[in-house]
Each structure stands twice: as C-alpha cells, then as structure tokens.
Amino acid sequence: MKQLVAILSGAGVSTDSGIPDYRGPAGLWQRDPDAQKLVTYDYYMADPDIRRRSWLMRGEHPAWRARPNPAHTAVTALAATGTAVRVITQNVDGLHQLAGLPDRKVLELHGNARTVLCTSCDDRTTTEQALDRIAAGEPDPACLRCGGILKTATVMFGQALDSEVLGHARAIAQACTVFIAVGTSLQVQPAASLVGVAADHGARLIIINAEPTPYDDLADEVIREPIGTALPTLLATLTATTAEHSG
Ligand SMILES: [Zn+2]
C-alpha cells in the first residue's frame with residue numbers, strides 16, 4: 001500500500017518559533033477574558049473599538065517575525081523525499097508554507113492570519129497591507145473595493161470551520177496510512193475527532209504531545225519528548241521505511 005502520512009499540527013508545533021499558545025492553560029484567553037472578545041466574531045463585527053484593538057493585537061503578534069523551526073523543516077524534508085504528506089493544521093501562522101511545503105499540501109482548519117478577507121464581498125488582500133494602512137493612520141481599515149469590514153482569514157470564536165476544508169481533512173484522515181497528531185492537546189473539536197477517524201480506518205496513530213490527550217489509549221505510540229527533536233527523529237524513520245519499501 002502506498003504510504004500517505006497525515007500530520008495534524010497544533011499550537012505546540014509553533015511554540016519553538018516564539019508563538020505563544022493562546023488557548024493553553026497559561027494562554028492569553030485564560031488570563032484576560034476581555035482579550036477573547038477581540039477574536040469573537042459577533043463582538044468584532046458589532047464594535048469598531050474591538051476591531052481597532054484587534055488590529056493592534058495582530059500588529060504586535062509574534063507571528064510576523066516568526067520563522068519556521070526544525071519541526072516545520074522536517075515535514076518539508078519528508079515531503080521532498082517523495083513520500084505523500086498532508087498537513088492538517090490548527091495554526092494560522094502559515095509557518096508550514098514558509099518552510100517550503102506547497103500550499104496544496106496544507107489544510108488550515110482555522111484559516112490563515114497572513115490573509116485578509118472582506119466580510120461583505122470576500123475580496124482577499126494581505127494582512128501586511130492592512131497593517132500598513134493602520135500604521136498610516138486608519139485604525140479600522142475598510143475594504144477598498146466595497147467599504148465592508150475587513151478581518152483576517154481566520155476562524156474566530158463563534159464562526160464555523162470551513163466545511164470544504166474540514167471535508168478534505170476527513171478524507172485525508174480516512175485515506176492515510178500514518179496519522180501523527182503533534183503539539184495538540186486534542187481538546188478542540190472537530191479537529192480532534194480526525195484522530196478517531198484515522199484510527200477507525202486503520203492508520204498507524206502516533207501522538208507527540210507534552211501532556212496526555214484523550215486519544216492516547218487509541219495510539220500505537222505516544223511520544224512525550226520535545227517536538228523540535230521528536231518530530232524530525234520520527235519523520236526520519238518514516239523516510240527510511242519508505243526507501244526500503246520502494247527498493
Ligand atoms: Zn469588500
């Protein structure tokens with residue numbers, strides 16, 4: 001059987017790049033409930049002041065200076081060996097693509113913070129352009145095409161996941177031979193349920209996470225080592241296995 005490696009990547013994959021886990025136990029959302037309003041759809045759409053603060057937060061976000069780390073690079077390296085790889089990510093930082101993985105191999109369950117979307121006409125621009133306009137004195141920049149409210153192309157609290165992206169992710173979970181959940185506590189649905197889908201369809205399930213997850217009992221292997229070394233080591237063994245099989 002041809003190998004298809006699916007990698008579900010969570011916030012833990014980006015922490016080595018200096019991006020904090022906002023949802024985690026020590027995350028911003030827990031410390032400052034008011035901050036959660038900045039990424040909640042109804043508040044954002046209703047209140048220009050929330051949008052102004054939300055854009056300020058985006059401008060200060062460490063993701064703008066973040067570079068891919070060895071975990072991202074290892075995934076790209078595995079894909080470069082000819083092994084079929086698909087990344088399903090809960091991260092919105094675009095670091096898998098910055099590490100050289102083609103866009104079509106990355107499914108972004110929660111969207112992408114580097115792209116801006118008009119909530120009225122769906123026009124797409126870059127977050128960099130929006131931040132430039134904010135720096136030039138527009139605290140809540142409107143769509144240049146229709147005047148509509150702009151937001152990053154991320155899934156905010158109160159918004160549903162893109163059903164097409166989710167459907168594609170389920171299909172990959174069903175078809176893959178190896179499913180690696182890495183840096184995710186597997187607490188957020190429906191992303192976490194993909195683990196069960198993959199296991200039901202016979203994939204070898206590997207979980208890499210510092211803390212226990214609800215799916216550990218289902219896994220063929222649970223790894224508690226730091227992601228920056230554990231993922232490259234694991235993916236290197238997969239490359240070796242693939243090379244043996246292909247002769
Ligand atoms: Zn528009």
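Predicted model: local features only at pLDDT ≥ 70, side-chain atom pairs only at ≥ 80, totals over all residues.
Beyond residues up to four places away in sequence, cysteine 121 touches Cys143, Arg145, Cys146 and Gly148.

Cysteine 146 is situated in the loop between helix H7 (127-135) and strand E6 (150-154). Because cysteine 146 has 12 C-beta neighbours inside 10 Å, this residue likewise counts as exposed. Its contacts, leaving aside neighbours within four places in sequence, are with Cys118, Ser120 and Cys121. An unreviewed UniProt entry lists Cys118, Cys121, Cys143 and Cys146 under "binding site". These four positions are spread over 29 residues of sequence, yet they cluster in space, with a largest C-alpha distance of 8.5 Å.

The model also contains an open sheet of six strands, paired in parallel and ordered E3-E2-E1-E7-E8-E9. Strand E3 (106-108) and strand E9 (221-223) form the edges, each pairing on one side only. On average, neighbouring strands of the sheet are turned by 15° against each other, direction ignored. Within the sheet, five bridges connect strand E7 (residues 178-182) with strand E8 (residues 204-208) in the parallel sense, and valine 178 stands opposite arginine 204 in E8.

Helix H5 (residues 70-80) packs on this sheet through strand E1 (4-9) and strand E2 (84-89), and its direction makes about 150° with that of E2. Eight of the eleven residues of H5 are buried, so the helix is largely enclosed by the rest of the structure. The buried set comprises Ala71, His72, Thr73, Ala74, Val75, Thr76, Leu78 and Ala79. Glycine 82, which follows H5, has a positive phi near 100°. Helix H8 (residues 163-175) lies across E1, E2, E3 and E7, and runs at about 130° to E3.

The largest nonpolar core has 45 residues, of which Ala6 and Phe179 touch the most other members. Helix H10 (residues 227-245) supplies the largest share of this core, six residues. Neighbours within four places in sequence excluded, alanine 6 is in contact with Arg86, Ile88, Ile172, Ala173, Cys176, Phe179 and Ala198. Another core, of five residues, lies apart from the largest one and includes Trp55, Val116, Ala130 and Leu150.

Notes
Residues numbered from 1 in each chain as written. Pairing = 2+ DSSP bridges. Helix = DSSP H or I, 4+ residues; strand = E, 2+ residues; numbered from the N terminus. Axes fitted to C-alpha atoms, helices over the stretch in contact; angles between N-to-C directions. Contact = placed C-beta atoms within 7 Å. Core = buried A, V, L, I, M, F, W, Y, C linked by C-beta atoms within 7 Å. Buried ≥ 20, exposed ≤ 12 C-beta atoms within 10 Å, placed from the backbone. UniProt positions renumbered as here; feature names shortened; annotations may be inferred.
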